[in-house]
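Here is a short report for a first look at this structure. Keep the view open while reading.

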Amino acid sequence: MSKIVDLGGFALIAIMILSFVSFLKPIGIESGTSSPVFWICAVGVLGIIIYRKMKNKQEEKTE
């Protein structure tokens, strides 16, 4: 399960970088951090980081 989460996180980071450099640019929106694709990926990566921290804390408690 953790490998799948890691691969998903790397994919989100790659999409976020492509969106930041305006390769994935929605129509009618300027480049950079004003893109909704950038922010959706950023929130997704933040969610993965929080999930992994919570899992690590749970594993430390049970040991």
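## Valine 45 and its neighbours

Leaving aside residues up to four places away in sequence, valine 45 touches Gly9, Leu12 and Ile13. This is a predicted model. Valine 45 sits in helix H2. Is valine 45 buried or exposed? Its relative accessibility is 13%, so valine 45 counts as buried, because buried means under 20% relative accessible area.

One of the touching residues can be followed further. Valine 45 and glycine 9 are 36 residues apart in sequence. In space, their C-alpha atoms are 5.8 Å apart.

## The overall build

How many helices and strands does the protein chain have? The protein chain has 2 helices and 0 strands. There are 63 residues in the protein chain, and buried residues make up 14% of them.

Contacts also reach along the sequence. Take those in the protein chain with a separation of 6 or more: residues 24 or more positions apart account for 45% of them. The protein chain exposes about 5,100 Å². Carbon and sulfur atoms supply 70% of that area.

## Helix H2

Helix H2 covers residues 36–62, which is 27 residues. From its first C-alpha to its last, H2 reaches 39 Å. That is close to the 39 Å expected at 1.5 Å a residue.

Which residues of H2 are buried? They are Phe38, Cys41 and Val45. Helix H1, residues 2–20, is included in what covers them.

## Serine 19 and phenylalanine 38

Serine 19 has its place in helix H1. Its relative accessibility is 1%, so serine 19 counts as buried. A polar atom of the serine 19 side chain lies 3.4 Å from the backbone nitrogen of phenylalanine 38. Phe38 is itself among the buried residues of H2.

## A salt bridge between the helices

The count comes to 1 salt bridge. Which side chains meet in it? Those of aspartate 6 and arginine 52 do, at 2.7 Å from N to O. Aspartate 6 lies in helix H1 and arginine 52 in helix H2, so the pair ties together parts that are 46 residues apart in sequence.

Now look at how open the two partners are. Aspartate 6 has 29% relative accessibility and counts as partly exposed. Arginine 52 has 30% and also counts as partly exposed.

## The loop between H1 and H2

Where does serine 34 lie? Serine 34 lies in the loop between H1 and H2. Its relative accessible area is 41%, so serine 34 is partly exposed: that value falls between the limits of 20% for buried and 50% for exposed.

Serine 34 can also be placed against phenylalanine 20. The two are 14 residues apart along the chain. Their C-alpha atoms are separated by 8.8 Å.

## A nonpolar surface patch

Part of the surface forms a nonpolar patch of about 840 Å². Which residues make this patch? Leu7, Phe10, Ile13, Ile17, Leu18, Phe20, Val21 and Phe23 make it. Ile13 is also one of the residues that valine 45 touches.

Leucine 7 is found in helix H1. Its relative accessibility is 60%, so leucine 7 counts as exposed, because exposed means over 50%.

Conventions: Residues numbered from 1 in each chain as written. Predicted model: local features only at pLDDT ≥ 70, side-chain atom pairs only at ≥ 80, totals over all residues. Heavy atoms only, no water. Helix = DSSP H or I, 4+ residues; strand = E, 2+ residues; numbered from the N terminus. Expected span 1.5 Å × (residues − 1). Buried < 20%, exposed > 50% of the residue type's maximum accessible area, 1.4 Å probe, protein only. Contact = heavy atoms within 4.5 Å. Polar contact = N/O pair within 3.5 Å; in protein donor to acceptor, adjacent residues only side chain to side chain. Areas by Shrake-Rupley, 256 points an atom, 1.4 Å probe, with all protein chains shown as cover. Patch = residues over 30% accessible without salt bridge, like charges linked within 9 Å, V, L, I, M, F, W, Y side chains within 5 Å. Salt bridge = Lys/Arg side-chain N within 4 Å of Asp/Glu carboxyl O.
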